Amino acid sequence: MPALQDSINAVRVAAEAANRLKATDIVAFDVADLLGITDIMMVAAASNERQVLAVAEEIEKDLYLKCSGRQPRSREGLTEGQWVLLDYGDFVIHVMHEESREFYGLERLWRDCPAIDLELAHPETAEHADAAAVATA
């Protein structure tokens, strides 16, 4: 369990970095039973290609600085800007362009997996963001 908790803590650091750069739909799933190759999958959406790359870089920087020098064992998609996949072994971070969300919406594959509480004060979806904006106005 300590290893899983360590992964969850690292994913929370990644989520905070994504949230700080205004990524949306930040959600993480416990996919260990389904995939067997990683424990946690975190997905975040960004509004444009520049933001996709910035969010991925911010996540990578924070995980290195705040989680004992963690570095991804592989990176994919960094040059396209439509998506970036950072594989840390025990967890995977997927940042995608929100316009490509349907195509790259990997979370549909494990929507029945348990969601991990990332403890972030942010809206989970665009609908929640609209509702929050109306409620605060």
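**Ground rules**

I am reading a predicted model, where local features need pLDDT of at least 70 and side-chain atom pairs count only at pLDDT 80 or more, while totals for chains, interfaces and linings use all residues. Residues are numbered from 1 along each chain as its sequence is written, and side-chain values use heavy atoms, with hydrogens and water left out.

**Entry: the overall layout**

I found five helices and six strands in the protein. Helices are DSSP runs of H or I with at least four residues, strands are DSSP runs of E with at least two, and both are numbered from the N terminus. Starting at that end, I read the elements as α-β-α-β-α-β-β-β-α-β-α. Of the 137 residues, 46% are buried. The accessible surface is about 7700 Å², and carbon and sulfur atoms hold 53% of it; such areas come from the Shrake-Rupley method with a 1.4 Å probe, and for residues only the protein chains shown count as cover.

I also checked contacts, meaning heavy atoms within 4.5 Å. Among those with a separation of 6 or more, 62% are between residues 24 or more positions apart.

**Entry: the sheet**

Two strands pair if DSSP finds at least two bridges between them.

Next I went through some pairs:

- β3 and β4 (residues 83-87) are antiparallel, with three bridges, and arginine 75 stands opposite leucine 86 in β4.
- β4 and β5 are antiparallel too, joined by five bridges; aspartate 87 has valine 92 in β5 as its bridge partner.
- β2 and β5 are parallel over seven bridges, and methionine 42 has isoleucine 93 in β5 as its partner.

β4 and β5 also make a hairpin with three residues between them, and glycine 89 in that turn has a positive phi of about 90 degrees.

**Entry: strand β5 and back to histidine 97**

Why is β5 largely enclosed by the rest of the structure? Because seven of its seven residues are buried. Phe91, Ile93, Val95 and His97 point one way, Val92, His94 and Met96 point the other way, and all are buried. Histidine 97 sits in this strand, residues 91-97. Leaving aside neighbours within four places in sequence, I see histidine 97 in contact with Ala46, Ser47, Asn48, Glu49, Val52, Gly81 and Gln82.

**Entry: the cores**

A nonpolar core is a set of buried Ala, Val, Leu, Ile, Met, Phe, Trp, Tyr and Cys residues joined through side-chain atoms within 4.5 Å. The largest one has 30 residues, and Ile26, Met42, Ile59, Leu63 and Ile93 have the most contacts inside it. At least two residues each come from α1 (2-20), β1, β2, α3, β4 and β5, and α1 gives the most, with eight. Isoleucine 93 touches Ala14, Met42, Ile59, Val84, Leu85, Leu86 and Tyr88, not counting residues up to four places away in sequence. I noted a second, separate core of 12 residues, including Ala45, Leu85, Met96 and Trp110.

Aspartate 25 has a positive phi, near 50 degrees, and is not a glycine. Aspartate 25 lies in strand β1 (residues 24-30) and is buried at 13%. Serine 68 is another non-glycine with a positive phi, about 55 degrees. I found serine 68 in the loop between α3 and β3, exposed at 79% relative accessibility.

**Entry: cysteines**

How many disulfides does the whole structure have? My search gave zero, taking a disulfide as a pair of cysteine sulfur atoms within 2.5 Å. Cysteine 67 is buried at 14%, and cysteine 113 is buried at 15%.

How values were computed:
Buried means under 20% relative accessible area, exposed over 50%, partly exposed in between (1.4 Å probe, protein chains only).
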